[in-house]
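Q: I have a structure open on my screen and would like to learn how to read it. Could you walk me through it?

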Amino acid sequence: MNNCLFPVFLSIPAISDTVYYLIAAFLAIAVLFGIFLMSKVKKARLGNIISAIALTAGIVITLIRIELIPIWVLFICLGIGTVLGLLLALRVKMIEMPQMVGFLNGLGGLASAIVGAYALLGIGADLDMFSRVSATVALQVGTLTFFGSMIAAGKLHRILPQKPISLPKHQLWTGLSFGLCLVFIGLAFVNGISLVLLLVGSLIVAMIFGIVFTIKIGGADMPIAISLLNSLSGVAGAISGLAIGEVLLVAVGGIVGASGLFLTQIMCKAMNRTLFDILLGKSKKVVQDGKPKGEKPIIDEVIEAKIDVLTILKNAKNVIIVPGYGMAIAQAQHLVKQLADLLVKNGAQVRYAIHPVAGRMPGHMNVLLAEADVDYDDLYEMDTLNDDFKTADLTIVIGANDVMNPAAREAEGTPIYGMPILNVDQCKTIFIFNYDLKPGYAGVENPLYKRNNGVYMFLGNAANTLKTIVDDYTHK
Amino acid sequence: MEYILLGVFVVATIGGYFLINNVPSLLHTPLMSGMNALSGVSVIGALVAVSVVLKANNSVFAVLIGAIAIIAAMVNVVAGFTVTDRMLKMFARKGIKHE
C-alpha cells in the first residue's frame with residue numbers, strides 16, 4: 001500500500017522550518033488583517049476573501065511542506081469537501097444562516113477532535129506529556145464543540161424541540177461531566193497513563209458535557225451559545241495544533257478562539273447574562289407569582305378600523321421599524337421594505353432599530369433586511385436610536401417581542417430582567433405585528449400588549465397582515 | 001518548540017482579542033461566519049495526521065476516520081467562506097437610494 005501511495009516521481013524541495021515559520025507568520029497576519037477588514041462595512045467582503053486566500057495558501061503550503069502532493073487520497077477528500085461545501089453554501093437560505101453556522105462549526109469541531117484523537121495515539125505527534133495533554137484537551141473541546149453545535153443547529157432548524165430541555169438533576173450532570181473533563185485532562189499529565197483510557201474517557205465525558213450543556217439552552221441564550229461554540233472550535237483547532245506541532249493551526253485557531261470569545265462577551269453584555277451562568281445551564285426562573293395564571297390577554301383593542309391605520313401611516317413623518325425573529329420566520333422582510341418605501345414616498349423618515357440580539361444570531365436582522373435591499377445606512381443600533389422613540393410618530397414592531405418587552409426593566413426575577421431593551425413603549429403610537437399574544441422566546445409576558453391607547457396589534461403571519469396593509473395603502 | 005507554539009498561541013489570542021473592537025452589529029453574523037470558516041483550519045491538522053497514518057501503518061479504519069476529518073473541515077472552510085461572501089455581497093450592493 002505504501003508503495004502505491006508514494007510513487008517517487010515527485011520531489012519538491014522541502015521547506016525549511018525557518019521559512020515555514022515566516023510563511024505561517026505572514027499568513028497569520030493576513031488572517032488578522034482579513035478579520036479586521038471584516039469588521040468594516042465597506043471592506044468586509046475583501047476581508048473575507050483575504051482570509052479565504054490565506055487559508056487556502058496555508059493548505060497548499062502544508063501539502064508541499066510535508067510532501068503530500070503525491071498522495072491522491074488526500075486530494076479526493078479535499079475535493080469531496082469542497083464540492084459538498086459549495087453545494088451546501090449555495091443552497092442554504094438566508095433565514096437558515098444561524099443553523100448553517102452552527103452545523104459548519106460542528107464539522108470544524110469534529111475535525112479538531114479527530115486530530116486530537118490521532119495525536120493522543122501518537123499519530124502525528126510525539127508521545128510526550130505536552131502532546132498528550134494538548135491532544136486530550138483538543139479531543140475534548142472538539143468533541144464538545146461537535147455535539148454542542150449539532151444540537152444547537154438541530155434546535156434552530158426545529159428538528160429538536162426549541163424549548164430548553166431539562167434533565168432531572170440537570171445541573172449535577174453538567175457539573176459532573178465538566179468536572180470529569182477536567183479529571184481526564186489532569187490524568188493526561190500522568191506519565192504512563194493508558195492512552196486508550198484517556199481517549200475513550202475524554203470522548204464520553206466531553207460528549208455528555210456538550211449535549212447536556214446545549215439542550216438546556218433555549219430561547220434568548222441561543223445566539224450566545226452559537227457564538228461560544230464558534231469560539232471553542234477555534235480553540236480546539238489551536239490546541240490540536242499544539243499537539244501535533246503545527247504552528248499555523250495554533251495561530252489561526254488562537255485568533256478565531258479569542259475574537260469569537262470577544263464577540264460572545266459583547267452578546268452576553270447585551271443580554272445581561274454571564275457566560276458562567278450559561279455554561280452551567282443556570283437560567284433565571286420565570287416567576288409566575290404576582291401574576292394570576294391563565295389570565296386571558298385582552299384583545300379588545302386589537303382590531304381597529306383599517307381607515308384608522310391608514311390615516312396613522314399617512315400622517316407619520318418619523319417612523320421607526322423594529323424587526324425581530326418573527327419577521328424572519330414570516331419572511332416578511334420584503335414587505336417591510338415595501339411598506340417603508342411607501343412611507344418614504346409619503347415624505348416620512350423611516351429608520352430601523354436593531355437590537356443587538358434580535359433574531360437568533362447577532363446581526364441576523366441586518367442580513368435579512370439587506371436581502372430585502374434595505375439600505376444599511378437606515379439601520380441603527382439600539383443605543384443610537386433609543387432616545388428617539390419618544391419623539392417618533394409611529395413605531396412598527398415586526399415579530400419582535402423580548403427585545404422591546406418593558407418587563408425587562410421592571411419584572412425582577414424574569415429571564416429578561418435587566419436586559420437592555422428598545423424603548424418602544426415610549427412611543428405614542430405603536431403597531432405590533434405578531435403571530436399571537438403569547439410571550440416571546442424568553443417566556444415573559446409583554447405588558448405592552450395590554451396598553452390601552454396607541455397600541456395596535458396585528459395578529460397572524462406578519463407577511464399576510466403586512467400585505468393587506470400595503471395593498472390597502474397602495475389602492476387607496 | 002513547545003514554548004514557541006505556546007508563545008504563538010498567546011500572541012494570536014491577544015491579537016484576536018483586541019482585533020474586533022467596535023464591530024457594527026450589522027456585521028456580527030458575517031464576522032462570526034467568517035471566523036467559523038477560519039476555524040476549519042483544522043483541515044491542515046487532518047492532512048498532517050492522515051499522511052502520517054498512511055506512511056506509518058495501513059489501518060483502513062484510521063485512514064477512514066482521517067478522511068472524514070479532512071472532508072468535514074474542508075466543508076467547513078468552503079461553505080463557511082462562501083456563505084460569508086453571500087451575506088456580505090448583500091451589504092456591498094447598496095439598496096437603491098430613495099428619491
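Q: How many disulfides are there over all chains?

A: A disulfide is a pair of cysteine sulfur atoms within 2.5 Å. By this rule, the count over all chains is 0. Please keep in mind that this is a predicted model, in which local features need pLDDT of at least 70, side-chain atom pairs count only at pLDDT 80 or more, and totals for chains, interfaces and linings use all residues. Residues are numbered from 1 along each chain as its sequence is written, chains are lettered from A and ligands numbered from 1 in the order in which they are written, and side-chain values use heavy atoms, with hydrogens and water left out.

Q: Is Cys181(A) buried or exposed, and what about Cys427(A)?

A: Buried means under 20% relative accessible area, exposed means over 50%, and partly exposed lies in between (1.4 Å probe, protein chains only). Cys181(A) has a relative accessible area of 5%, so it is buried. Cys427(A) is at 1% and therefore counts as buried too.

Q: What does the secondary structure of chain A come to, and what is it in chain B?

A: Helices (H or I, at least four residues) and strands (E, at least two) are DSSP runs, numbered from the N terminus. Chain A has 18 helices and 6 strands. Chain B has 4 helices and 0 strands, and its pattern along the sequence reads α-α-α-α.

Q: What percentage of the residues count as buried in chain A and in chain B?

A: Of the 476 residues of chain A, 57% count as buried. For chain B, with 99 residues, the value is 63%.

Q: Which residues of H2(B) are buried?

A: Helix H2 (residues 28-38) of chain B has 11 of its 11 residues buried, so it is largely enclosed by the rest of the structure. Among them are His28(B), Pro30(B), Met32(B), Asn36(B) and Leu38(B).

Q: At what angle do H3(A) and H3(B) pack?

A: Axes are lines fitted to C-alpha atoms, for helices over the stretch in contact, and angles run from 0 to 180 degrees between N-to-C directions. Helix H3 (residues 44-65) of chain A and helix H3 (residues 42-56) of chain B pack at about 15 degrees, with their axes 9 Å apart. Angles under 35 degrees count as roughly parallel, over 145 as roughly antiparallel, 65 to 115 as roughly perpendicular and the rest as oblique. H3(A) and H3(B) are therefore roughly parallel to each other.

Q: Which residues make that contact between H3(A) and H3(B)?

A: Contact means heavy atoms within 4.5 Å. From H3(A) come Gly58(A), Ile59(A), Thr62(A) and Leu63(A), while H3(B) brings Val43(B), Ile44(B), Leu47(B) and Val48(B). For classes, Ala, Val, Leu, Ile, Met, Phe, Trp, Tyr, Cys and Pro count as nonpolar, Asp, Glu, Lys and Arg as charged, and the others, Gly among them, as polar. The contact of H3(A) with H3(B) has 6 nonpolar, 2 polar and no charged residues.

Q: How does H5(A) pack with H3(B)?

A: H5(A) and H3(B) pack at about 35 degrees, and their axes are 9 Å apart. Gly108(A), Ala111(A), Ser112(A), Val115(A) and Tyr118(A) in H5(A) meet residues of H3(B) including Ser42(B), Gly45(B), Ala46(B) and Val53(B). By class, this contact of H5(A) with H3(B) has 7 nonpolar, 4 polar and no charged residues.

Q: Where does Gln99(A) lie?

A: Gln99(A) lies in helix H5 (residues 97-120) of chain A. Its relative accessible area is 11%, so Gln99(A) is buried. Leaving aside neighbours within four places in sequence, Gln99(A) is in contact with Ala153(A), Leu156(A) and His157(A).

Q: What phi does Gln331(A) have, and what phi does Asp373(A) have?

A: Most residues other than glycine have a negative phi. Gln331(A) is not a glycine, yet its phi is positive, at about 55 degrees. Gln331(A) sits in the loop between helix H13 (325-330) and helix H14 (333-345) of chain A, and it is partly exposed at 36% relative accessible area. Asp373(A) also has a positive phi, about 70 degrees, although it is not a glycine. Asp373(A) is in the loop between helix H15 (364-371) and strand E3 (379-381) of chain A, and at 22% relative accessibility it counts as partly exposed.
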